[in-house]
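Q: Could you walk me through this protein model, starting with the overall picture and then going into the details?

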Amino acid sequence: MSDELENIESAEEDDKIISLDGMYEEYFLDYASYVILERAVPAVEDGLKPVQRRILYSLREKDDGRFHKVANIIGHTMQYHPHGDAAIGDAMVNLGQKDLMIDTQGNWGDISTGDSAAAPRYIEARLTKFALDVAFNNQTTEWQLSYDGRNKEPVTLPIKFPLLLAQGVEGIAVGLSTKIMPHNFIELIKASIKLLEGKKVKLYPDFLTGGLADVSEYNGGKRGGKIKVRARIEIADKSTLLIKELPYGVNTGSMIDSVLKANEKGTIKIKKIVDNTARDVEIQIDLPTGVSPEVTMDALYAFTNCEVSISPNACVIIDDKPHFLTVEEILQICTNNTKELLRQELEIKKGELEEKWHMASLEKIFIENRIYRDIEEAESFEEALKIIDKGLRKYVATPDDPSKGDDRIQLMREITEEDLIKLTEIRIRRISKYNKFKHEEAMAKLLADLEQVKYDLANLTDFAIAYFERLLEKYGKGRERRTEITSFETIAATKVVANNAKLYIDRKEGFIGTSLKKDEYICDCSDIDDIIVFKKDGTFQVAQIGDKVFVGKGILHAAVWKKGDERTTYNMIYVNGENGRAMAKRFNVSAITRNKDYELMKGGSKSKLLYFEAYANGEAETVQVTLTPGCSAKKKVFEYDFGELAIKGRAAGGNVVTKYPIKKIVQLEVGKSTLGAMKIWMDEVSGRLNKEERGDYLGAFDTGHQILAIYSNGTYEIREPELDSKIDVNNLIEVRMIDKDSVVSAVHYEGEKGWTMVKRFNIETSTVGERFKFISDANGSKLYFATSVDQPVVKYSYKVGGEKHEEALNLAEFIDIKGWKAIGNKLGEYKILSIKLKESAKPKVEESKNEPQDGEEGFKPGDTIELDF
């Protein structure tokens with residue numbers, strides 16, 4: 001009975017329930033630790049994950065100088081690695097593509113195109129000479145049993161090189177990840193030498209795919225750092241871009257997909273994209289007519305995989321624990337580890353040389369003193385060993401019995417029985433051919449080598465430096481930096497995005513958007529723009545554009561808003577509801593929170609907005625204020641100049657205009673900008689106006705200044721100097737800054753009369769953005785020359801009676817200013833062969849940076865200043 005009770009209690013103990021908390025603590029943490037240590041994160045000593053280490057060790061075991069089928073290597077590795085062949089194969093391909101430790105043969109795929117490698121049975125591999133030099137030494141390797149206990153494998157490989165930083169690594173474990181960037185082979189070796197010399201170093205990534213990298217926020221590769229990597233893009237011509245190098249982690253397929261998606265969204269405009277990649281990367285992007293390659297390049301960086309951001313996270317295993325370090329700290333550990341391995345190798349070599357010299361000394365005594373003859377009459381092997389030992393001791397001095405001036409050979413250690421046995425194994429043939437001179441010469445060389453090793457041990461740092469220098473000389477060729485280290489300017493997406501939408505406004509219902517096509521058109525925009533809206537209740541808000549966005553009824557003004565815009569200025573007059581005073585204010589809006597109503601008026605709900613205007617260039621204005629007839633003011637009509645107001649923040653209360661009630665406010669005139677002139681350039685390909693000094697300088701624009709564009713078909717148009725607006729560059733002869741007094745001089749052929757005519761006229765039209773034809777519509781009429789330069793002098797040639805003539809003419813002296821529709825004065829009954837502006841008449845533009853001195857006007861030389869017909 002008692003036995004049965006004991007059995008029942010024993011069964012109950014076996015069936016105890018383990019709580020979920022216990023399972024988590026034991027099983028899950030064991031699993032997490034296993035993944036971290038055995039799969040995902042590399043050891044700092046050799047920079048390898050376990051699967052990579054086992055692959056390299058398998059390659060070393062099978063190494064015979066020839067290539068091996070990768071399938072065979074995978075099979076051999078499986079005796080060390082407790083996972084499937086697919087994982088081993090993928091890891092091996094990854095190692096091979098890094099072009100450092102494994103020589104490859106066959107189709108190993110391409111990191112640039114994303115093509116995968118061929119099946120393992122079709123590709124071959126072997127260790128590189130570099131790997132054989134730096135990665136293996138059985139005497140300095142620490143060993144452990146494999147997972148099944150049948151084989152021995154290295155705990156870590158004795159790699160005498162910062163392989164972890166050279167190859168880089170990525171791994172995701174349970175609750176932990178690592179991402180170490182690859183670095184340049186040559187720079188790593190030079191940095192290790194500097195560390196050995198006691199100097200500080202700084203390391204930056206280098207990628208096999210090349211490209212450009214901004215490492216200003218690299219932070220030594222630690223968590224929280226960031227690298228921006230860009231493709232290398234070249235401008236082949238005005239309508240073609242070539243992507244020649246890719247960012248790290250991007251292949252040609254993903255790059256093309258990102259460009260096509262951006263084109264579909266309208267953020268960039270391209271005509272065609274072609275992958276011409278063969279040995280080297282080349283993606284050709286054809287642009288539509290009038291699209292700037294410079295702006296498109298910026299847009300590619302802003303909206304496609306031409307620029308990617310990488311967040312490094314340098315995590316390594318040290319003493320079976322994960323540590324987060326900088327790449328400089330990792331290099332220091334690797335350099336120290338290399339130095340220690342070199343010390344161990346020198347110690348081993350020292351021991352080997354001492355052993356060789358010891359045996360050579362015993363052989364010398366054994367043979368030269370014919371001790372081998374003394375053992376002929378020995379009756380046993382043990383007796384023979386005693387005879388040899390006794391014979392040797394006559395001629396040697398051991399460390400315990402040092403030589404004191406006699407001819408005995410000073411040994412480095414005691415004679416052992418093993419030494420005696422080795423002497424008995426010397427063959428008679430070797431004794432008969434013994435050469436005393438050569439033997440002593442060999443012993444001298446052994447001593448010299450031993451002294452050198454001792455010297456190297458005493459000067460281990462210098463020896464390590466020499467070792468790295470040998471690596472650099474032997475393997476550094478062809479491993480120069482591929483990724484250019486530079487700094488990137490931040491590209492504002494709103495400045496480079498293509499206008500792909502139109503903004504409309506429904507003032508009655510309070511909507512703005514791109515789908516309100518039946519309502520009032522405001523301007524062209526992009527689908528990532530922000531829109532600023534001012535309302536009659538004295539509030540404003542900024543909203544992101546959409547198909548139909550409700551912003552509130554009573555809309556006064558709506559426009560595209562640019563963050564940081566400090567030139568667009570708003571003038572307003574309102575009545576303070578608390579004291580009844582009329583207040584005037586000028587302000588700009590450079591930063592806000594989207595979709596939030598901001599109050600512009602003080603005085604609460606009784607305040608009332610009386611006047612509002614917006615100016616893109618900070619222009620002041622003068623208004624006429626009319627007071628109510630019944631007020632007690634003596635002067636009921638007066639002028640108010642906004643130019644006397646300082647531009648303040650949007651929350652400012654403003655300055656008092658009057659304390660009396662206002663009947664109406666009328667604008668009298670718009671003055672000059674109070675912000676000063678704004679220098680503007682024009683992109684010569686796209687025609688986009690900018691202040692980033694891209695393209696041709698047009699001038700410093702102030703209030704009243706406009707842009708004149710003259711075209712070869714005899715038309716002109718006036719444009720306002722609005723940044724990011726575009727001028728049509730097709731058939732463009734000249735584009736210049738003008739004012740109301742500017743004069744256009746033109747030479748044209750009148751087709752109906754068959755005469756060459758000269759005309760000069762002021763710009764009398766006021767419509768902005770509309771083209772006006774200033775030459776005859778008659779068949780055969782053409783424009784030879786046109787400019788808005790003051791006092792233009794031209795040199796021209798023509799033929800009369802088969803004879804060519806060349807003359808110079810001051811157009812301002814030849815004809816007075818007339819109306820823009822006038823035909824002009826007759827120059828001659830012939831056609832012009834060529835015409836050009838004399839150098840002395842051309843406006844000067846500083847060419848060093850396309851930036852002129854203050855007060856200079858820009859000029860676009862060379863377009864059609866000289867025409868040949």
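Q: Okay, what are the residues lining the second largest pocket like, by class?
A: This is a predicted model, and in it the lining of the second largest pocket divides into 19 nonpolar, 14 polar and 13 charged residues.

Q: How many residues line the second largest pocket, and which lie nearest its centre?
A: The lining is made up of 46 residues, and those nearest the centre of the pocket are Asn 94, Lys 98, Gln 167, Gly 168 and Tyr 248. The volume of this second largest pocket is about 1200 Å³.

Q: Which element gives the largest share of that lining?
A: That is α5, which supplies five residues. Several elements each supply at least two residues of the lining, among them the helices α2 (20-40), α3 (50-61) and α7 (163-167), together with the strands β6 (169-172), β7 (177-180) and β14 (307-310).

Q: Let's step back, how many helices and strands does the protein chain have?
A: The secondary structure of the chain comes to 18 helices and 50 strands. The chain has 869 residues, and buried residues make up 46% of them. Among the contacts with a separation of 6 or more, 67% are between residues 24 or more positions apart.

Q: Which residues touch the most other members in the largest nonpolar core?
A: They are Leu 56, Phe 161 and Ile 330, in a core of 121 residues. Helix α11 (residues 327-368) gives the most to this core, with 14 residues. There is also a second, separate core of 17 residues, which includes Val 747, Tyr 784, Leu 811 and Tyr 830.

Q: What is Leu 56 in contact with?
A: Leaving aside neighbours within four places in sequence, Leu 56 is in contact with Leu 48, Leu 95, Met 101, Ile 102, Leu 127, Phe 136 and Leu 157.

Q: And Val 327, is that buried or exposed?
A: Val 327 lies in helix α11, and it counts as buried because its relative accessibility is 1%, which falls under the 20% cut-off. Not counting residues up to four places away in sequence, Val 327 touches Leu 165, His 183, Leu 203, Tyr 218, Gly 220 and Gly 221. The C-alpha atoms of Val 327 and Ala 314 are separated by 7.0 Å, and these two residues are 13 residues apart along the chain.

Q: What about Asp 319 and Asp 320, where are they?
A: Asp 319 is found in the loop between β15 (315-318) and β16 (321-324), and Asp 320 lies in the loop between β15 and β16 as well. Asp 319 counts as exposed because its relative accessibility is 66%, over the 50% cut-off, and Asp 320 is exposed with a relative accessible area of 59%. Phi is near 55 degrees for Asp 319, a positive value in a residue other than glycine, and phi is near 65 degrees for Asp 320, again a positive value in a residue other than glycine.

Q: Switching topic, how many disulfides does a search of the whole structure find?
A: The search finds zero disulfides. Two cysteines can still be described: Cys 306 counts as buried at 0% relative accessibility, and Cys 631 counts as buried at 11%.

Terms used
Residues numbered from 1 in each chain as written. Predicted model: local features only at pLDDT ≥ 70, side-chain atom pairs only at ≥ 80, totals over all residues. Heavy atoms only, no water. 1 Å grid on protein atoms, 1.4 Å probe; cavity = no way out; pocket = protein on both sides within 12 Å on 5 of 7 lines; lining within 4 Å. Points joined across faces, edges and corners; volume = space filled by probe spheres on them. Helix = DSSP H or I, 4+ residues; strand = E, 2+ residues; numbered from the N terminus. Nonpolar A, V, L, I, M, F, W, Y, C, P; charged D, E, K, R; others polar. Disulfide = S-S within 2.5 Å. Buried < 20%, exposed > 50% of the residue type's maximum accessible area, 1.4 Å probe, protein only. Core = buried A, V, L, I, M, F, W, Y, C linked by side-chain atoms within 4.5 Å. Contact = heavy atoms within 4.5 Å.
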